[in-house]
Amino acid sequence: MDVLAATLAAVLFAGAPLALAALGETLSERAGVINLSVDGTILFSAMTAFVVAQGTGDAWTGMLGGALAGAFVAGVLALVGLWLRAPILAVGFILTLLCRDLAYFLGHAHARQPGPDLGVWTIPVVSDIPFLGTVIGRQSPVVFLSIVAMVAASFFLRRTRAGLHLRAAGESPKAAFARGIPVERLKVLYCLVGGAFSGLAGAAYSLGVKPGWGHPQGAEGAGWIALAIVIFGGWRPSRVVLGAYFFALIQVMGIHLQDFLPGLSSTLFQIAPFPVMILTLLFINIRRSGRFRDAVQQIPLLGRLAGKPPVGAPGALAGVLDQDAA
Amino acid sequence: MNRERAVDVFLSHITKRYGRILANDGVTVALKPGRIHGLLGENGAGKSTLMRVLAGHILCDEGFIEVDGVRHAGLTPGAAMGLGIGILSQDPLDFPPLAAWENFALGGPPRTRKQARDRLAELSESLGFSLRPDEPVERFTVAERQQLELARLMDADVRLLILDEPTTGISPEQKDILFGILRNFAANKGRIVILVTHKLPEAEELCHEVLVMRRGRLVGSFEPPYDAGLLLETMFGPEAAKAATEPEITGQAAMAAIRVREAAAPQKAQAPALAELADAAFSDEKSALPPVSLSLRPGEVVGVAGVAGGGQELFLRGLAGLARIRSGRYVLGGADMRGQGMAAFSRAGVHFLPASRMEEGLFPGLSLADHARLGFPRETGDLRDLFTRRFVDRFHVPNQPTAPASSLSGGNQQRLLLSLIPDDTRLLVAESPTRGLDVASCVQVWEHLHALAAKGTAVVFSSEDLDEILARSGRILVFFNRRLTADTPAAGQTVRGLGRHMTGRAAHSATKSPA
């Protein structure tokens, strides 16, 4: 029982930055902006957050610095890709590489130095409850941040007028324009918001999950995973965050299995999460295959389960990230 | 703003250029309160451009709009709505995955979910619609999407309502409901309706005044009683008007001609079937049709009718080999085609003419010569010779073999597609083959399709225009709610009768109020 609770706690902890980055990208893509610079943004803002925290001695100021750094990178993307109309996918790619190298270069002087981190929050009553206390009672603030962000993003998209405008702009930009919704301004706004979330994710790594700055930092590749999770989570905050935790779960499982199976190479456990992720996504999305649906329709119970295909990409992105299954 | 006052709108010297094309060339119109104005003209005459300028969707290069005596050099959609100008676009400008109430609320005043749903229910009731508020709009029919947009515009209290080809894809009964609403709307408080259309009978039925545009200019204004011949001449110019009268106006006569043709070829009925569907069920990613059984004979011209989303789209695709055959048999020339790829269908002599010509039919970036090469892979001789002989001389494709397909006009796109139909095609499936074409191109399309049929090709085509189906086909299939509801000879059918099949009310009385 204790092992299980500890595992869950570790999953929540490891998945929190991933969840933040994926949530940010979800908001950005729902508004119709594909920001491929997430991976570089995470490293750049991880470095910025750590340097700011070290300079001011306050980890929360570092978090703020990280968010601003993320919004800044997204601002560059918005300026070049949205305002000056350069191809936004290509710009995103290049920004990723630029930000990564820039982070290592600018952060070099601060590498492998001690600095503040976000520590652990102990929730007064919850922490005394046996199982729950271990899972959520004594956790890093980034875990609470990711959960609050998920609830807030979900509520925002589904229940608020601004959220409706965001979805409208991303679904049919032309129709939204015709109704007087400032589509371009919304795209810029949510591109910046998405960048700020990625920035928080970076800060969550360097001030929480993988504290400190160095080369490598440990957050490398997280941005790409976040991008994939957004697509497979169907652009819905709750599913996207679940996807992030699921990825963290297979990573943590890998570490545990390493203890049980000492004969296997540790590299195997490091790369195992990726194929497991692909298989899981295949399983979730197989309903989209017409052949599969035809096949299971003959089988009474499975046919019911097959149901309707899951939702696709926002209208403005359809065809770019989401091709129709045949 | 006092919404009780009659609205007064004046468009002055509106000019809009797209590159070298002058879409609107100094158009000046005064719109009169309390009237339904028809705006007629062939495709590309500049009707939609003018209306989009008025609704603030695009800015004009020169000219101004005067509303209630206030001059506006250009409007934004928001500003136009503020002045009470609303447009119902040809393709519904809505948000398919969002719920009906969300579509309704977007762009309107701030409302809670409950307020929006209540207001929508209230308006629906007064307009006689039944719209499911929580359903995503993508599951609505075209008519329902249009009704939702109308409800939204009524809620915004528009005083000038523009409808751009509103009767495309809806049934005759749905059209009657719409026209009733428009008459009420205009009669009330001196409001204005502009009906953009290329269908003469609609304008005659509804409008107090008809404005005609041609090549970007306003070329005429008419009041009832309308002289159809004069209107056509104004729309198309004297020569084309003559050609236009043949299929469009005298549909009955053309139908008689077809009947004579059918009667003159009685052996067709005895000819062995070319294609046989036995409980064949087609499906694609989004939908599935129930099993269909029918057979097609060589030389038949079969018109397929149905409101948009009625299932005829998938049926045509299935027939052409572009949809999966879930169950049943599709026998073509003796072989079962189930599970066969498009290549097998091609070998069996099936050819598909898509409605979205550029997207599905052509390769925008490839040259006309490349299209010839792709279309006739076995042609080993001089390609230039083939191109001149077939494409240019026979089908009047522009003689520019190196030009990309994307440079072609709609009519020339269809000409290129026609020249790519192999002469030995046994089954031609054509999706709205004349959609958006000018009169001369329409005539050419039908000359060629009928010539193919005369040589034994079975032609199956769909059209949103019931007159065209009645005039051009020998047999008619009607789809409603994804089912084949009628399979009948064209002789003796009427637009009303087909309309009842299209809305699933063939069995009931025609006077029953529509759902």
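Start in chain B and select residues 47-54, which make up helix α1. Colour K47(B), T49(B), L50(B), M51(B), V53(B) and L54(B): these are the buried residues of α1(B). That makes the helix mostly covered, with 6 of its 8 residues buried. Then step on to G56(B), which follows α1(B) and has a positive phi, near 80°. Before you go on, keep in mind that you are looking at a predicted model.

You'll find D68(B) in the loop that runs between β4 (62-67) and β5 (70-72) of chain B. Is D68(B) buried, exposed or partly exposed? D68(B) has a relative accessibility of 23%, so it counts as partly exposed.

Now jump to N481(B), another non-glycine residue with a positive phi, this one near 50°. Look for N481(B) in the loop between β19 (475-480) and β20 (483-489) of chain B. N481(B) counts as exposed because its relative accessible area is 54%, and the cut-off for exposed is over 50%.

Select R139(B) and L484(B) together and draw a distance between their C-alpha atoms. They are 345 residues apart in sequence, and the C-alpha to C-alpha distance is 20 Å. R139(B) sits in the loop between α4 (113-127) and α5 (142-155) of chain B. With a relative accessible area of 46%, R139(B) is partly exposed.

**Two cis peptide bonds**

Next, show the backbone at P224(B) and P225(B). The peptide bond joining them is cis, with omega about -5°. P225(B) belongs to the loop between β10 (217-222) and α8 (228-236) of chain B.

For a cis bond in chain A, select H215(A) and P216(A), where omega is about 5°. P216(A) is in the loop between α9 (183-209) and α10 (222-232) of chain A.

**Where the chains meet**

Show both chains and select what lies between them. How many residues of each chain are in contact? From chain A it is 26 residues, touching 27 residues of chain B. The area buried between the two chains is about 2100 Å², and carbon and sulfur atoms give 56% of that. Highlight R161(A), L164(A) and R179(A) here: they supply 31% of the area that chain A buries against chain B, more than any other three residues.

The largest share comes from α7(A), with 6 residues.

Zoom in on E149(B) and R179(A), whose side chains meet in a salt bridge, 2.5 Å from N to O. E149(B) is in helix α5 of chain B. E149(B) counts as buried, because its relative accessibility is 5% and the cut-off for buried is under 20%. Apart from neighbours within four places in sequence, the residues in contact with E149(B) are R179(A), L88(B) and L93(B).

**A covered helix in chain A**

Move to residues 130-137 of chain A, helix α5, and pick out its buried residues: G133(A), V135(A), I136(A) and G137(A). To see what covers them, show α1 (2-30), β1 (121-122), β2 (138-139) and α6 (141-159) of chain A, which are among the covering elements.

**Last stop: a nonpolar patch**

Finish with a surface view of chain A and select L257(A), F260(A), L261(A), L264(A), L268(A), I271(A) and F274(A). Together they form a nonpolar patch on the surface, with about 670 Å² of accessible area. Which helices each supply at least two residues of the patch? They are α11 (237-260) and α12 (266-271) of chain A.

Click on I271(A), a patch residue that has its place in helix α12 of chain A. I271(A) has a relative accessibility of 49%, so it counts as partly exposed.

How values were computed: Residues numbered from 1 in each chain as written. Chains lettered and ligands numbered in written order. Predicted model: local features only at pLDDT ≥ 70, side-chain atom pairs only at ≥ 80, totals over all residues. Heavy atoms only, no water. Patch = residues over 30% accessible without salt bridge, like charges linked within 9 Å, V, L, I, M, F, W, Y side chains within 5 Å. Areas by Shrake-Rupley, 256 points an atom, 1.4 Å probe, with all protein chains shown as cover. Salt bridge = Lys/Arg side-chain N within 4 Å of Asp/Glu carboxyl O. Helix = DSSP H or I, 4+ residues; strand = E, 2+ residues; numbered from the N terminus. Buried < 20%, exposed > 50% of the residue type's maximum accessible area, 1.4 Å probe, protein only. Contact = heavy atoms within 4.5 Å. Buried area = accessible area lost by both parts, 1.4 Å probe.
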